[in-house]
Amino acid sequence: MSARENGLYFRFGRKTLVICGLAGMIGACLGGEILSARAASPAAVAGKPKPKPAPDTAKTTLDGVFTGDEAARGKTQYANNCSACHMEDLSGSGQALPLAGDAFMDIWEGQTMNDFFQLVQGTMPQDKPGSLTADQTLDIMSYILQQNKFPAGKDELKNDPDALKSILITKKAPAPAAK
């Protein structure tokens, strides 16, 4: 049944129906942005499969890939640049996704630290995308890892795409290498 047939056209008028239609389209676009953010990596957004590092050289976030000092600097950077949207406790709010717990792992499990780095560096903070330096980004990422109960290690994360690509974000122990 058309809008004319059921009386909507006459009851609400053309302007109201057009405005409602536009509001629906805007909502759909915003929903797509949220889903894109959830996809998290540029590769996933483009429909490409999540990259996997070579199993023989891969580290995981269980291997202590950041230091406590790096996470401490990250806490300050997070408070200054991220907590307004993602909340002090990393729980997220509105469109800002949670950065801790199962919600974080649902998004990032199986992706690399380089995927995480590229997303944070290129899109955050949302009101000033791309304004974080590489060092600030790495420190914030270290703080987020610490808050997700990943162990600290003796070496800091480095601004090296190949090194970051070789670190898999996971809470699962790696499978033993095939012989």
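Helix α8 has 14 residues, which at 1.5 Å a residue should span 20 Å, and the 20 Å between its end C-alpha atoms agrees with this. The expected span is 1.5 Å times one less than the number of residues in the helix. Helices (H or I, at least four residues) and strands (E, at least two) are DSSP runs, numbered from the N terminus. The model is predicted: local features need pLDDT of at least 70, side-chain atom pairs count only at pLDDT 80 or more, and totals for chains, interfaces and linings use all residues. Residues are numbered from 1 along each chain as its sequence is written, and side-chain values use heavy atoms, with hydrogens and water left out.

Helix α8 is mostly covered, since 10 of its 14 residues are buried. Buried means under 20% relative accessible area, exposed over 50%, and partly exposed in between, with a 1.4 Å probe and protein chains only. Among the buried residues of α8 are L138, M141, Y143 and I144. The cover over them includes α4, α6, α7 and α9 (161-165). Just after α8, K149 takes a positive phi of about 70 degrees.

The largest nonpolar core has 29 residues, and those with the most contacts inside it include F66, Y78, F116 and I144. Two or more residues come from each of α4 (68-81), α6 (101-108), α7 (113-123) and α8 (134-147). The largest share, seven residues, comes from α8. Such a core is a set of buried Ala, Val, Leu, Ile, Met, Phe, Trp, Tyr and Cys residues joined through side-chain atoms within 4.5 Å.

Aromatic rings can now be considered. Rings of Phe, Tyr and Trp (its six-membered ring) pair if their centres lie within 6.5 Å; planes under 30 degrees apart count as stacked, over 60 as edge-to-face and the rest as tilted. By this rule there are four aromatic pairs. The rings of Y78 and Y143 form a tilted pair, because their centres are 5.5 Å apart and their planes are at 45 degrees. Y78 lies in helix α4 and Y143 in helix α8, so this pair ties together parts that are 65 residues apart in sequence. Y78 counts as buried at 2% relative accessibility, and Y143 is buried with a relative accessible area of 6%. The rings of W108 and F116 are also a tilted pair, with centres 4.7 Å apart and planes at 50 degrees. Ring pairs link F104, W108 and F116 into a cluster.

Terms used. Contact means heavy atoms within 4.5 Å.
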